[in-house]
Amino acid sequence: MKHRIFENIGLKVSAVLIAVFLWFFVTSQGQSEISLEAPLEFKDIPAELGIAGSTAKAVTLTIRGQERFMKNLNASDLRVFLDLGRAKPGEAVYPVNKEDVKLPFAMTVTNVAPPSVRVKLEEIAQKTVPVRPQLLGLPEKGVVTTIIVEPRVAVIKGLKSELRKIDMVRTEPFDMSHISGTRTEELDLDTSGTNVKPDISKVKVKITVAEKKR
């Protein structure tokens with residue numbers, strides 16, 4: 001058996017070398033490059049930190065591969081991860097490495113622009129703030145005598161710089177135009193335009209309207 005393996009060894013080695021050469025020849029044909037913009041994904045952010053800003057939210061990738069595969073490539077096939085696992089509060093520059101790019105099979109990254117991104121991280125904190133109902137209109141018949149909100153406060157969580165700007169949380173609008181007597185509504189908290197998360201999503205607002213004295 002061993003004898004047969006080494007029989008005509010020269011011809012066998014030549015055949016292997018020719019096969020390798022043909023494989024390189026074929027695969028090197030029809031190569032092309034394209035540039036696509038891909039969004040950055042920040043991963044492994046420490047639980048006590050949040051992103052306060054970054055100099056880029058996407059990077060431009062130059063990708064090389066077989067032309068027949070490249071024709072169907074689009075940005076949704078690409079993922080670029082920026083590892084923040086060792087990040088600390090403050091600003092720092094993080095490199096975007098080619099190894100951080102996830103590509104379809106048989107493609108390579110030849111360039112990443114920008115090659116690095118400056119990211120600012122802040123500590124996440126929480127704060128207790130009062131809940132204020134957002135009231136619209138006035139009762140057509142009577143006057144408002146009591147407004148009760150339950151619960152009266154909410155705990156909001158977010159970046160420290162964001163919390164410093166907020167001293168209360170509003171509810172969605174409560175139209176008082178047609179109230180007579182007492183009405184209770186369950187209203188959502190409105191945190192639109194902010195980057196904080198409340199510990200509750202709804203409150204009950206109870207409004208009592210009494211007839212005007214003549």
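Buried means under 20% relative accessible area, exposed means over 50%, and partly exposed is what lies in between, with a 1.4 Å probe and protein chains only. Keep that scale at hand for this tour.

The model is predicted, so local features need pLDDT of at least 70 and side-chain atom pairs count only at pLDDT 80 or more, while totals for chains, interfaces and linings use all residues. Residues are numbered from 1 along each chain as its sequence is written, and side-chain values use heavy atoms, with hydrogens and water left out.

**Stop 1: the open sheet**

Select the five strands of the open sheet, ordered β6-β4-β1-β3-β7 with mixed pairing. At its edges stand β6 (101–102) and β7 (107–113), each with a single partner strand, so one side of each is left without a neighbour in the sheet. Strands here are DSSP runs (E, at least two residues), numbered from the N terminus, and two strands pair if DSSP finds at least two bridges between them.

Now colour β1 (residues 31–43) and β3 (residues 58–66), which pair in the antiparallel sense over nine bridges. Within this pairing, look for Ala-38, which stands opposite Val-59 in β3.

Click on Leu-40 and its bridge partner in β4, Val-80. Stay on Val-80 and move to β6, where the bridge partner is Val-101. Strands β4 and β6 run antiparallel and are joined by two bridges.

**Stop 2**

Side chains of opposite charge can pair when their charged atoms come close. A salt bridge is a side-chain nitrogen of Lys or Arg within 4 Å of a carboxyl oxygen of Asp or Glu, and a search of the whole structure finds five of them.

Show the side chains of Glu-41 and Arg-79, which meet in a salt bridge (2.7 Å, N to O). Because Glu-41 lies in β1 and Arg-79 in β4, the pair ties together parts that are 38 residues apart in sequence. Glu-41 counts as partly exposed at 25% relative accessibility, and Arg-79 is also partly exposed, at 40%.

Then select Lys-43, which lies over the face of Phe-81 at 5.7 Å from the ring centre. The criterion is NZ of Lys or CZ of Arg within 6 Å of the ring centre and within 35 degrees of the ring normal.

**Stop 2: two further salt bridges**

Glu-91 and Arg-118 meet through their side chains in a salt bridge (3.5 Å, N to O). This pair links distant parts of the chain, with Glu-91 in β5 (residues 90–95) and Arg-118 in β8, 27 residues apart. Arg-118 is partly exposed, with a relative accessible area of 39%.

Move on to Asp-188 and Lys-202, whose side chains form a salt bridge (2.6 Å, N to O). Asp-188 lies in β12 (residues 181–190) and Lys-202 in β14 (residues 202–210), so the pair ties together parts that are 14 residues apart in sequence. Asp-188 is partly exposed at 31%, and Lys-202 is partly exposed at 39%.

**Stop 3**

Finish in β8 (residues 116–136), where you will find Glu-122.

Methods:
Helices (H or I, at least four residues) and strands (E, at least two) are DSSP runs, numbered from the N terminus.
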